[in-house]
Amino acid sequence: MNIATLGPLKHHPSVPEWLAAEPREIPFFGGRKLPITLDSLEEADKQDVENAIASFLKLGPADRL
């Protein structure tokens with residue numbers, strides 16, 4: 001599966017129900033490069049997940065306060 005904001009997702013090596021993206025810089029955490037893992041993603045949820053991740057990636061360190 002591919003999520004526009006994350007790129008291609010691969011099955012997590014330890015938990016097959018999880019899908020993992022390559023680590024990416026997360027502005028909310030000060031630009032730290034972190035993996036994003038999704039649990040039990042269904043094709044029908046894809047648009048909602050894309051919207052949620054896009055919204056999250058717009059948040060920066062000031063939003064943590």
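**Close-up views of aromatic and nonpolar contacts**

**View 1. F28, F29 and F56 make up one aromatic cluster.** The model is predicted, so local features require pLDDT of at least 70 and side-chain atom pairs pLDDT 80 or more, while totals for chains, interfaces and linings use all residues. Residues are numbered from 1 along each chain as its sequence is written, and side-chain values rest on heavy atoms, without hydrogens and water. Three aromatic pairs are found in the whole structure. The pair of F28 and F56 is tilted, at 5.7 Å centre to centre and 45° between the planes. Rings of Phe, Tyr and Trp (its six-membered ring) pair if their centres lie within 6.5 Å, with planes under 30 degrees apart called stacked, over 60 edge-to-face and the rest tilted.

**View 2. R64 lies over the face of F28.** The distance from the ring centre is 5.9 Å; the criterion is NZ of Lys or CZ of Arg within 6 Å of the ring centre and within 35 degrees of the ring normal. F28 is buried at 17% relative accessibility, whereas F56 is partly exposed at 29% (buried: under 20% relative accessible area; exposed: over 50%; partly exposed: in between; 1.4 Å probe, protein chains only).

**View 3. The largest nonpolar core has 13 residues.** Such a core is a set of buried Ala, Val, Leu, Ile, Met, Phe, Trp, Tyr and Cys residues joined through side-chain atoms within 4.5 Å. Among the residues with the most contacts inside this core are I3, L38 and I53.

**View 4. L41 is in contact with M1, I3, L9, L19 and V49, leaving aside neighbours within four places in sequence.** Contact means heavy atoms within 4.5 Å.
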